[in-house]
Amino acid sequence: MIVVRDLTKFYPDLQQGEIQAVKGLSFQAQPGEVYGLLGPNGAGKTTVLRIISTMLKPTGGQVTVNGFDVVEQSYDVRRNIGFVSNNTGGYDRMTALEMVEFFGRLYGLSEERLQERIEIVFDQLHMNGFRDRLGGKMSTGMGQKVSIARAIIHDPPVLVFDEATVGLDVLVARSLVETIGEFQEQGKCIIFSTHHMREVERLCERVAIMYEGSMLAEGNLKELSEIHEQDDLEDLFFDLISNYDRKKESEAISPEEMDV
Amino acid sequence: MNWSNVKLVCHRELRDQWRDRRTMFTTLVLPLITYPIMGLILVQVAQFVSEHSSKVDVYGAHFLEGHDPALLDGERNSQISFADPLSEADPRTKHKIGLLEIKRALVSPDDWTLDAVKDNATHKIEAKEIDAALVIPPGLGKYLDRLINEAEHLGGVADSTAPPLDDEVIAPYVISNSVTDRSRLAGERLEDVLHIWHGMLVDKYFETGQIPKQLADPFQIDQIDIAPVESKSAAFWARIIPFMLLMWTLTGAFYPAIDLCAGEKERGTLETLLVGAASRLEIVGGKLLTVMVFSMLISIFNIVSIWLTSSFVASKLPLGDEFGGIPLMAMVWATAIVIPLAALFSALSLTAATFARSTKEGQYYLMPLIFLCMPLMMVSMMPNIELDLGNAMVPVCGAALLLRELVQGNMDTAFRYAVPVIGVTLFCCYLSIRWATAQFNDESVLFRESEKWNFRLWIKHIYRYRKSLPTAAAAVGFGVLLLSIRFAVMFSAGLPEQWSSFASKQSITMILSIGLPPILFALWLSRDWRQTLKLNLPGKNSLALLVLAALIPLLLQPLMVYVQTFIQWLYPVNAASGAGLEQITVMFEQASWWSALFVMAVLPAVCEELAFRGFMLSGLQTESKPWSSIFITAAFFGLAHGMLQQSLNAFLVGILIGYLVVRTNSLWVGVVYHFVHNGFTVLLTYIGTPKGDGDTSLTDSPIGFLFESTDESGDMYKPVVSVIAILIAIICIGLFHKLSVVNDEPEQLVLDSSHN
């Protein structure tokens, strides 16, 4: 289970002094759920997910993963989480098997348990055909499968997918979505960040829509459609962003400023 | 830290590097084949040069016809050669004569002037027709005959009415071009042959004149070198090996470090590793071990390869005892010393490589690192620098000198200083590892985006978005700028001879180069310049704290005298610095006590405190722990004093003042301490009575009961006085600590509240 409360994150910036990448974000994701994090590029999705996976430290607020605080208990958090993104590359000079073994050992799995998990994971992800192939000689799809295998080798209860389908062809992307569905059936708590509406519609019951570090809407997909009177998720997404931009513009030229 | 994770990361990285054929080739295979190839080429070239015959034209050979002892054989207009007795004189000369292909140069008698012959020979040498020329001037034969006559006259053989010799000397010439190897070699060979002939002539003159040879050459100096042959060779290599080993250790660490850090960022694998279960420290540890292994392997492979090559070259070429192969023990010591050095350079390289966003950027950081370490590495090649306690304490330099002693076989000296050298190296290594780990924990370094850095934008940025206190980067930048200004002023200005000009010059430079910059920087880089410069009183117990700040330096005076004496024992003042200090002491006699106090105590106390404990310390405290800030500030404060002995002293004083200022967050405490510290030393020179040699005696002064005269260090505090004063000082510091409890967490005072 992931709990995010009033999360804020500032980055130093040469032009603006600092940028607030995340502005007081709060949400929860439950076991057995694929929680969708939707937003255009620069919305702050990756920052949120990097904080959840302990790569970045939050400026404010609190994040817990399976009850462990991401700042105070980062080691425990990492043992309970599997992180896959389009940025997490593989090692060119290691075979699929070596890569998965390496991360399994880092997670502290015993040799017996590691071999057992390797068999399960390689079967589940259909990786036995290229288990001894070097990373540099793998296709993109194979590389992404190795990335997932590495993330789930320790059988974590929480999984984070950060735009994991970016750059994949339709077949591989669909296969990945199906795999995520299987993880959901296994009762794992999953956060799935993307800007592909179809993937969200297919996988997620609840979503959060992010834009410029703020959460524009959050909740059950059906409920969101009803509240905003939009059946299509893509239209809903555009409406929310347009409204936000309009509101921001009107606030920027406020009556007080006009008087001045 | 989980060591099995460190081992796992290290194992993975090593395997990764092992599978990278380019890395393996350039780091391990290349050195193994490069030096032997270079050695073979050297041997070939040397053999070619030594066996290559030289073409020589002899001008005016006929002028020596019939002369005994003969230089040349051969009838007029026929082939000539060097006379047989020359070859018989020495086997080496015989070999050289065999390599000289000489022929008669044909010059018509009308053209026989020295200039014409020289032009002709020069033209032929430049056209590579010949390598060198031997010129027998027209009068040489007659001149030598005259010498024989003179010898006969001396021996009573010839007519006693022979005219006396005039001063004119006629000598043969060798014409060659020293820039061209072939011509130079031909010239040298000719000179050797002529030298033998010269000796034969002298022998004949002495024999004819019946003069004992000892009269011309009473004795030849015979040097008995007690150094064993292997030591001579070791002495040569002792200068070369430390430098080469250190260079290879540094460069050997750098390239794997770039691949392991910047390269991982580029390939996107760093993020993969960061989300794994290993902590940042474990990742740094694993990577450090990998880099260390490579650094050690590369340096050892290079040295082994040089060892094999040098042994081969030494066996093939007649280089003399001192250029023999590397002694085996030197290799063993080089291998042992490479371990701590590899650790140090690996940690430094890892830090630089972590900061880089790409492998290309990483390579930009190599040059500054090499330039920083190069002077320290080169000390082993300098003849006048010996390993002593002072040098042993300097990182890298101590290790280079220790290795030199080990290779030379000076085990006593080496073992005496091995502990400080290895201690300092390991301490630097620890600091570097901490730095590398800090870089790995810094998300702004790990996830730095590749935006283009713009100087104007950066200047605007630091002004527009300045906070109530300056940043740590601004503080360090300010410190570097201050040191640059200080050194520029120090080297550009000479030392005046009059106190008045010294005082005015010192005051102006102190105010402009030390006092003014912190005020300007505080106005520019912080929103609250008063808080930045800590211009507030200590708060509660102000008076008591200020009194204690004045009392502590007085009580610590005896300790400071001991420290100063120890520092001067460790690093004796050199002649130039000693003369400068002497000049200042002489000037002091011209000064009134109040002007000396103003220039040497008031101004430094205000200006230096504003700069170091004011601007710099405030900036550093925003991002560093109090003790780190104090140490860094004290280091800059020490460096600003220019002279090593003063710098070390100032560093220690700087730590104490820094501590007092951090406790109270008030600059005034530092100003009072600094003023009393400097002021008391100045006043002591006025309290003492002159001894006549420019120095003063304190034992006869009103406070003479505190001092005693010593033979070695002059007037010193009595041991009992020193012990009591130091004990009271400790109590005062304890009291200060207790009274300043209000500001127990000074770092909280400097936290910016802009996010709240």
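Me: In this predicted model, what makes strand 1 and strand 4 of chain A a pair, and which way do they run?
Reply: Strand 1 (residues 2-13) and strand 4 (residues 60-65) of chain A are joined by 5 bridges and run antiparallel. Pairing requires at least two bridges, so these strands count as a pair. At one of the bridges, A:Val4 has A:Val63 of strand 4 as its partner.

Me: Why are strand 2 and strand 5 of chain A called edge strands?
Reply: The open sheet of 4 strands in chain A has the order 2-1-4-5, with antiparallel pairing. Strand 2 (17-29) and strand 5 (68-69) each pair on one side only.

Me: How do you know that helix 1 of chain A packs on the sheet?
Reply: Helix 1 (residues 45-52) touches strand 1, strand 2 and strand 4 of chain A. Its direction makes about 115 degrees with that of strand 1.

Me: What percentage of chain A is buried, and what makes a residue buried?
Reply: Buried residues make up 43% of the 260 residues in chain A. A residue is placed in this class because 20 or more other C-beta atoms lie within 10 Å of its own.

Me: Which elements of chain B give two or more residues to the contact with chain A?
Reply: The contact takes 25 residues from chain B and 27 residues from chain A. On the side of chain B, the elements giving two or more residues are helix 1 (3-19), helix 10 (269-274), helix 18 (443-446) and helix 19 (455-464). Helix 1 of chain B gives the most, with 5 residues. The residues on this side of chain B divide into 8 nonpolar, 9 polar and 8 charged.

Key
Residues numbered from 1 in each chain as written. Chains lettered and ligands numbered in written order. Predicted model: local features only at pLDDT ≥ 70, side-chain atom pairs only at ≥ 80, totals over all residues. Contact = placed C-beta atoms within 7 Å. Nonpolar A, V, L, I, M, F, W, Y, C, P; charged D, E, K, R; others polar. Buried ≥ 20, exposed ≤ 12 C-beta atoms within 10 Å, placed from the backbone. Axes fitted to C-alpha atoms, helices over the stretch in contact; angles between N-to-C directions.
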